[in-house]
Amino acid sequence: QGNMEINEQGQLEIAGHNLVDIAEEYGSPLYILDEEEIRTNCRAYREAFEKFYPNSMTLYASKAFLSLAMARIIDQEGLGLDVVSGGELYTALKANVAADKIYFHGNNKTLEELDMALEAEINAFVVDNRYELDMLNQMAGKKDMIADILIRVTPGIEAHTHSYIQTGQTDSKFGLGIQNGLALEAIKEAKELENINLKGIHCHIGSQIFKLESFAKAVDVMLEFVEDVKEEAGVILEELNLGGGIGIPYTDAEEKPDIEEYAKIVAESITAKCEELDIPLPKVINEPGRSIIATAGSTLYTVGSIKEIPGIRKYVAVDGGMTDNIRPALYEAEYEAILVNKADQAEEELVTITGKCCESGDILIRDIQLPQAEAGDLLLISCTGAYGYSMSSNYNGITRPGVLLLSENSIDWAVKPQSYEDLIANDVVAERLK
Ligand code: LLP
C-alpha cells in the first residue's frame, strides 16, 4: 500500500503522519485516505491512456467511495465520474464537477433520477433496458431535449471473480444480451427514437479482475457487435465503454495488475480488431473504481476485548467491524493488518480479528499473525478505501466513522464522523406516542 512507513519508535506512519498521534487527536475507528495515492492512481490511468489510446476518457466509478472532497480530487486530476443514483449525481454536482464529465449508470433509474440528470445535462445515460429507453425518450421529448446514451450490453463473458461481483454474463440483472439479440433490438429502437442520440455501447465484465486478457476478450466481442450493428441497423457506434474492474492485491498473495499494461492491451486489441473488421476506431471510456481508491484507504481501530478459547482460537476485538467493512462477511474478502504502535515487533501469535457487532459473521480477518495484542493497541487494516465507507451501515446503532484525508502537508476531514444526534436526526415520534 501507498505511502506507509515505520518510524524510529516502531510506529506506523502514512504520508508522514504518525497514526498513534492521529488516533489520539481524531479518535477511532477512523477511515484514512492517502491523497497522494489517489492522485497517483488517477494519473496512472490518464497517462497510460494518453500514451496508448489518446481518444479516450477515464471515469472514476463513484460507488467505490464518493464524497465532496473525493469528487474535487477526481475533477482536479482530469477524470470524469460515473454515478449510479440521484445521490451520487447530487454529490458530484455539489462538488462542481462539470455535467459533461458525468455518465449515469443503473439498472433501474427512477423517473425522478432521469429527470434530475436531464435537467443537469449530463454527458450520457448508460441505458440498461427498454423501459428506461422509452421513459428517457418521452421525458427528453417533453423538455425538447436530446438525451445522449450508451446501451449497456452483456458480452457473455464470465470473468474469474466472486459470483456476486460478476456482471458480464448473459444471465445478469444488468444490460441487454448480445448473443440473444436483445441488445440489437434495443439499438434498432433507439435509432428510431426522436429524442435519443445513441453514441455507443457499454459493458462491465466484473470487478476484482486480475487477468488482463479478459478485457481483450471483451473488446473482441464488443467490436464484433459494433460491426453487426453497422451491418444490421446501419448505425455507427462511436463510443466504446469497457467499464471498470481491475483488481487490486488485498493480501501479499496477489499481485497488482499494471495499469499501463491494461491500457496497452486494450489499445492493441481495439486497434487490431477494428482493422480486421474495417470499422472506425471508437472513443474509449473506462471506469475504474477500486483500483483508484482501494490502496489509498485504510481503517484505524482500537483493540478492546481479547478472548482466548483454549486450543481453538484467540479473538481480538476492535471498535468497528462489519458496519464499516461488510466485505469479509459478504464476499469472504481477505485483508492484511498491522499493529500500528507495535509495527516493528515480531509477529508471534495467530489471532482472529472480530468487530463489535451482534453477528457471528462479524469477523474482519480470520487467522492473522500479529505481535502480542493488548487492549488499547491500534490496529490498521489496509486497502479498505474501496467499498468500505460506501457500503457502511448503522447496524446495531453504530455510527459511521469519519474519513480523514492525509497529504504531506495537511490533515483534513473528508467526511466528519457521525454523531449520535446524526443517528436519530430523521427519527420521528408522532404526537400519539409521546
Ligand atoms: N462500472 C460499472 C458499470 C460497475 O458496475 C462497476 C462496479 C465499476 C464500473 C467499477 O468497478 P471496479 O473498478 O471498482 O471493480 N461491492 C463490490 C464491488 C461491486 C462492483 C460493482 N460495480 C466489492 O466490494 O467488491
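Not counting residues up to four places away in sequence, Arg327 touches Ala333 and Tyr387. In this predicted model, Arg327 lies in helix α11, which covers residues 327-331, and Arg327 is partly exposed, with 19 other C-beta atoms within 10 Å. Tyr387, by contrast, is buried, with 25 other C-beta atoms within 10 Å, and is found in the loop between β19 (378-382) and β20 (403-406). When neighbours within four places in sequence are left aside, Tyr387 is in contact with Ala64 as well as with Arg327.

The domain assignment divides the chain into domain 1 (4-34 + 297-423) and domain 2 (35-293). The C-alpha centres of the two domains lie 33 Å apart, and 22 residues of domain 1 are in contact with 20 residues of domain 2. On the side of domain 1 that touches domain 2, the elements giving two or more residues are β4 (30-34), β20 and β21 (411-415), and the largest share of that side, 3 residues, comes from β20.

The largest nonpolar core has 125 residues, and those with the most contacts inside this core are Ile151 and Leu379. Helix α8 (residues 213-233) supplies the largest share of the core, 9 residues. Domain 1 and domain 2 both give residues to this core, so the core lies between them. With neighbours within four places in sequence left aside, the contacts of Ile151 are Val127, Leu176, Ala183, Ala186, Ile187, Ala190, Leu198 and Ile201.

Val127, one of these contacts of Ile151, belongs to strand β8 (residues 124-127), both faces of which are covered: Ala124 and Val126 on one side, and Phe125 and Val127 on the other, are all buried. In a regular strand, the side chains alternate between the two faces of the sheet. Strand β8 pairs in the parallel sense with strand β7 (residues 102-104) over 2 bridges, and Phe125 in β8 is the bridge partner of Phe104. Between β7 and β8 the chain passes through helix α5 (residues 111-120), and this β-α-β crossover is right-handed. Strand β8 is also joined by 3 bridges to strand β9 (residues 147-154), the two strands running parallel, and in β9 the bridge partner of Val126 is Leu150. A right-handed β-α-β unit is likewise made by β8, helix α6 (residues 130-142) and β9.

A further arrangement is the open sheet of 3 strands in the order β1-β2-β3, in which the pairing is antiparallel. The edge strands of this sheet are β1 (4-6) and β3 (17-18), each of which pairs on one side only. Strand β1 and strand β2 (residues 12-14) pair over 3 bridges in the antiparallel sense, with Ile6 standing opposite Leu12 in β2.

Key: Residues numbered from 1 in each chain as written. Predicted model: local features only at pLDDT ≥ 70, side-chain atom pairs only at ≥ 80, totals over all residues. Buried ≥ 20, exposed ≤ 12 C-beta atoms within 10 Å, placed from the backbone. Helix = DSSP H or I, 4+ residues; strand = E, 2+ residues; numbered from the N terminus. Pairing = 2+ DSSP bridges. Right-handed = clockwise from strand over helix to strand, strands pointing away. Core = buried A, V, L, I, M, F, W, Y, C linked by C-beta atoms within 7 Å. Domains from an automatic or database assignment. Contact = placed C-beta atoms within 7 Å.
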